[in-house]
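The sequence and the coordinates are shown first, and the description follows.

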Amino acid sequence: MASRIPTMKVLSLVLSSFVIVQIALASDPDVLSDFLVPANQNNVGGGFFTYTGMRVLVNQSTFPANFTILKASMVEFPALNGQSVSYAVLQYPASSLNPPHTHPRAAELLFLVDGSLEVGFVDTTNKLFTQSLQAGDMFIFPKGLVHYPYNADANNPAIAISSFGSANAGTVSLPKTLFATSIDDTILAKSFETDVSTIQALKAGLAS
């Protein structure tokens, strides 16, 4: 059964977001103006610099049944274009996983607001770095490296906020990129030293 989110947890989430944005690592190119306005928008006011998409968290009475990401990048919030910052609220139900993935354009600084997470990343020498996080902990996933967060708690959810040093960090999900695209089955079978039927079973599982 979905659990109710206490009001103090929501307030903590909001306050934490302000902290984590302040320490984001910038990597986007500098712009030659104070801010960038979309070509189809001539006049801007305070509303242009305001994003209301996170209000659903305040009104949310039950926790999502599946892993959920609520993003504020330049796609959802155009005022971030050129500002070298974006963030996401990550909601992990009990025993849920954000599958291994990369962010090609930015490092990710994760702040765990509530619950616990098992996190890890693999560097370019194939060394795995892992850590168990508790509420209040932060963890950095270096730019472009494969990483994952996993809520190993079978009974309790977890909430985290991730800040990125890019207005559009990008996400490359390894399972989807490899097995939910049109890469030839034979190529994948040879790459993973297995047979085509195993690759097809993996693709079928992701498709379902």
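## Contacts of a loop residue

N98 is in contact with F67, I69, Y92, Y148 and P149, leaving aside its neighbours within four places in sequence. The model described here is predicted. N98 belongs to the loop between β2 (86-92) and β3 (101-102). With a relative accessible area of 10%, N98 counts as buried, because that term applies to values under 20%.

The description now turns to the sheet. Five strands form an open sheet in the order β1-β2-β9-β4-β7, and their pairing is antiparallel. At the edges stand β1 and β7, each of which pairs on one side only. From one strand to the next, the twist averages 20 degrees. Strand β4 is joined to β7 by 4 bridges, and the two run antiparallel. Within this arrangement, E108 stands opposite F141 in β7.

| β1 | 68-72 |
| β7 | 138-141 |

In soluble globular proteins, nonpolar side chains tend to be buried together. The largest nonpolar core here has 17 residues, of which L110, L112, L117 and A160 touch the most other members. Leaving aside neighbours within four places in sequence, L112 is in contact with L117, L133, Q134, A135, G136, D137, A158, I159 and A160. Another core, of 10 residues, lies apart from the largest one and includes M54, L57, F63 and V89.

Terms used. Residues numbered from 1 in each chain as written. Predicted model: local features only at pLDDT ≥ 70, side-chain atom pairs only at ≥ 80, totals over all residues. Heavy atoms only, no water. Pairing = 2+ DSSP bridges. Axes fitted to C-alpha atoms, helices over the stretch in contact; angles between N-to-C directions. Buried < 20%, exposed > 50% of the residue type's maximum accessible area, 1.4 Å probe, protein only. Contact = heavy atoms within 4.5 Å. Core = buried A, V, L, I, M, F, W, Y, C linked by side-chain atoms within 4.5 Å.
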